[in-house]
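Okay, thanks for coming, everyone. Let me put the structure up and walk you through a few parts of it.

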Amino acid sequence: MSPAKKRRRTPRQLARGARRRTRRAAGRLRRVFWRSLQLRVVTSTLVISIAVVAVLGVFLEQQISTAVLNDRERAATSEAQADRRAVLGFLTQPESEAAKQSGDAGKTLQSGEESPLGRVTGELANRAGSAGRYSVIIRNRRLPGAFFGTMNIDERSVTEKMREEVLTKEAGENGSWYSELYYKDRGGRPVPGLVIGTRLDTTSAPLVDDGYEIYHLVPLDKEEKTLTSVRQMLVVVGVGLVLLLAAIAFLVTRQVVTPVRLTRQAAERLAAGRLDERLKVRGEDDLARLAASFNEMAANLALKIHQLEELSQVQRQFVSDVSHELRTPLTTVRMAADLLYDAREDFDPMAARSAELMQNQLERFESMLADLLEISRYDAGAATLDVDSVDVRDVVLRAVADSEALAERHSTRFDLRLPGEPCMAEMDSRRVERILRNLLFNAIEHGEGRDIVVSVGADRDAVAVAVRDHGVGLKPGEENMVFDRFWRADPSRARTIGGTGLGLAISREDAILHGGWLQAWGSPGEGSQFRLSLPRTAGTELKGSPLPLVPPEVEMRRTWRGHMTPMLAPAAADGGRDAE
Amino acid sequence: MTGTGARAVRTLRAAALALAALALVCATASCSVIPTGVRAGAVEDEGRGNPLDPPYARSIAMPPNDEWDPEKIVRGFLAAMASTGDPGRTIARQYLTDGFAGRWKPSGEVTIYQQDGIEADRPVPDGTAEVRVTLKGTVTATIKEDGLYRPSDGDLREPFTLVRDARKRWRIDAGPEGLLLSKADADRAYREANLYFLDSKRKSLVIDQVRLPVNPASTLAKATVERLLEGASGSLEGAVQTAFAQGTQLIDVTTENDHVVVNLTRRASPDDIAAMSAQLSWTLSEIVSGSRFEVRVNGESYFPGSSLVIDAQKQLGFDPWMTPPDVRPLYLQDGTLRQLGKENVGEPVAGEAGAKKGSRIRPAVSGHALKQVAALSGDRKSISVVSLVQDGQWQEWATGNELVPPSWDRYHSLWTVTHPAPGTSVVLRHYYDEVKREVKQFRVSAHDLDEVEVTALKVARDGVHVAVAVRDARGDEEVRIGTVVGEGAGSRIDNLWPVDRVDDKQEIKDLAWKDGKTLYVLTGKSELLEASLTGESKPLGFYAHIESITALDRALLAGAVDDEGNRQILYWDSAKWQPLVKDENGTTGFTEDGPAHPAFPLG
């Protein structure tokens, strides 16, 4: 039972497999065809040349066969005409005597002497030479015995249809047919041939019976052989020509396509950052000039990039140097300011207020300098990680604790959503804490006093922390700009917390240093959410985040809205896409 | 100014270039397709005729026309019988009633007639049930089934009875058996062919003249070789041999390149290859236009690794007597034997024959190297032989009564006929035994000649054919041609057949073979006839004074005596007789004791 089942299934499976394979092969072929310029050019050349050669070949063959057959027909017709004259001559010669004797032309045919018809057929046989050239059949239905042929021609070759046509035509008017000729010695195998039939015109010899039919049968087997060989030659030449054209197209396109392909590969490598990629320049043609131009372009590009890199390096160095250089005078200024601040009780209120302001701004200046130094360290590639396995929850709690004071000042509350079990991950806890602090400060600053949700998620490979505020949110396109240095959502707004404008940029650098992601989501009026995702093991690549970038309630609301009014869906789709 | 000039020059140059290109295109287009002044490659001339079959016309049988009257029906039937493309004569049978068609057999001997007329008994009024139509004429010949053509004569009156069939059409209900062909139809329906066979020693070629029916489905060459393989016709029965192995069949005769290929089923024995080549070559070269023949066996080359190619030119030498050399005749003058020399002046032969006068007549010259001459004594009672050497002596070989002039055959035996009693004849054959130095005489068995008087006997140069002139009891004379079978004591003369009737009651003076098939006959009225077995006798000319003749190929000599008894030898220049032998003065007149009884070797 089961083998039968198997057998029943196998052909269907086979067919399906074959169909699948065919489809796959066709797809591959189509891909190859559309990808290869050379293949396309060769194919189109092949198709066009086949069409041209076929049309030309058919035309040529027809011309040749018409010419050959016309020639043969002309020759045969003139021979037939000459033979008719001879026949009439022979028939009229004894006519008077025969008529005198019996009054019946037919009687001469069977007298003891050779009949004139027999004599003339012999004469025609000698003229024709052999059946290879042509054969003659003469007959007169009315006279007994008046039926002669030359050589081995079979009388079947003259069909009844031809006879009727000859009899209906005027005497002396030729009827010609391409027909099959039969010979007695060829085993009944017909030979293609031409039959020219006429009724003998006896107007000049009224005593001769007018029922004589003369047929000339011209075999055309040699012509057929010639035409067949011509056709074979045409086919061979045509096929050769098509193949030659295809080969030429192949060679020509190869000459063009190969340099283009090399250029493409070089461009790809150049795009991949290998700026020293260059093409070999051979000759002076257009392709060589293309290669030369490409090389020039690549050299210029490399030079520009190098210059820009240098410039950037100089700028960074400058920032770093300035920061360092500013610290020494700042320390002095700071010490002086500290003195002034400490003695502010003794100053009049105006001066005391100035000392306070100076102290505040100095602190901000210091932290700004520190941030600048930090970020220049990143730019110089000097930042290193001090990795340790820690519980993310602890880090979050520490950062929240650090932010408590500020939050209270903004009458903001933290809503912590931490998992119950520890979320261990290898990280530099100082840096991660700084990231989180930055995110919390940012949320407090833009949260407009509403609750800030801090959630922690973990899965097998990664841990994530999301900080959600319900402030003004971000405009579309601002999700990435928030991480730019000194970027401000609304330039007119003053910094209330005294952020340096570098916090998020540094956080981003820190996250990247960990091999993690720091991403932002925001929507006007719905607040924003920042999500930090880190791999559990330092150095491994991050494939996904345990927490969604878009807060779940927002996502749900959108989906619901999308179902209700599909028209609005495209407008709301922005930013809804998870970076995963 | 210079700019304009330069532009003009450029335009001119461009125009010239365009013109040159145009001229080139025109020249190429109108360039002759067939190059003149160049050697043409040799192209085989195939297709210009089938070399195996000379052109011929044939009569095609036509079915009867319903409106024909009895006479036309008979004419149509006679014509339909002559159609060779219809071997079963199915169309001819359509002229017959069903009953007669069943009885009628178109095979067997063919009668050839010369038609005088076809007569219906009486006019045919409507409603007549039976009409008799008679074919009148003379029979000229018959052709036997083996192709043997025999002239004959006799009146022909063949009645045909015609009746109306169910559809009121006239059909032949009774008529002659066998095929009746008019002479013209027979000439069209049959073709002459000479088949070459071998004598008993396989050294000479013997011609067998036959008529082969034209077969459109075959070629003459093929039909001839097929007939050659079948063996000789009745006229040479038992007298000839063939070199082909027993049962050899012909597969095909074709042409290939420049030679004719004969494809057989069997090989001949190695000793017979030369003879077979000669037979084929001689038989075929009269028909086909090639001179090289190749024999294959079952499509393969004759010898392993090499082919048997026969060159017709080389085969001419197989039998030297087929193409005899220029031989000077001997003759008698003033009782001595002379040989015609340069400038037609006679020289005495060596030995006794040339020196000593004798009364011998009718010399005969042998064919072999010894050059023996036999001569009849004046009283016709003995025959003596002399060798033409320095010390050659006349030696008596045979004696008898009324001996006929001697005749040598190619085997060096001497033939004569003696008449023991009036009206009876005994043919004798003599051999010379070189060892015992004696003559052996054998009686040749010839039953047809025992009871008649043989007046002349000549053995042909092929050693097989023999011609005799006989006079029967009533005094009628005729010439018969037969064959020699066997040798020595077993010799006999067979297959004797009269040649076309020489003029009735004519005396026959002498016989001479021209070649293997043609005989010259000298009649008593000095009329010369050219006769053969297969044709009518042709009178050549008349000269009253001829007493003997001799011939060799195209040379024909006669010994003549005028009313005064003066003699001279004449030669036939294909129009009339001319004197031949010059005397010392260079004149060629008749003289007393002038040259007489010329003789070529053999024949």
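How many residues of chain B are in contact with chain A? On the chain B side there are 30, and they touch 31 residues of chain A; contact here means that the C-beta atoms, placed from the backbone, lie within 7 Å.

Quick housekeeping. This is a predicted model, where local features need pLDDT of at least 70 and side-chain atom pairs count only at pLDDT 80 or more, while totals for chains, interfaces and linings use all residues. Residues are numbered from 1 along each chain as its sequence is written, and chains are lettered from A and ligands numbered from 1 in the order in which they are written.

Back to that interface. On the chain B side, strand 1 (57-59), helix 2 (70-81), strand 2 (110-120) and helix 5 (183-189) of chain B each give two or more residues. Helices (H or I, at least four residues) and strands (E, at least two) are DSSP runs, numbered from the N terminus. Helix 2 of chain B has the largest share, with 5 residues. By class, that side splits into 11 nonpolar, 12 polar and 7 charged. Nonpolar is Ala, Val, Leu, Ile, Met, Phe, Trp, Tyr, Cys and Pro; charged is Asp, Glu, Lys and Arg; the others, Gly among them, are polar.

Pairing takes at least two bridges found by DSSP. One of those puts A:G149 with B:R58.

Now, the helices in chain A. Helix 8 (residues 286-342) and helix 9 (residues 349-380) of chain A have axes that come within 9 Å and cross at roughly 155 degrees. Axes are lines fitted to C-alpha atoms, for helices over the stretch in contact, with angles from 0 to 180 degrees between N-to-C directions. That makes the two helices of chain A roughly antiparallel, the word for angles over 145. Their contact has 15 nonpolar, 4 polar and 6 charged residues.

Last stop, chain B again. An open sheet of 4 strands has the order 26-27-28-29, paired antiparallel. Strand 26 (453-459) and strand 29 (492-498) of chain B are at the edges with a single partner strand each, so one side of each has no neighbour in the sheet. The twist averages 30 degrees from one strand to the next.

Terms used:
Angles under 35 degrees count as roughly parallel, over 145 as roughly antiparallel, 65 to 115 as roughly perpendicular and the rest as oblique. Two residues are in contact if their C-beta atoms, placed from the backbone, lie within 7 Å.
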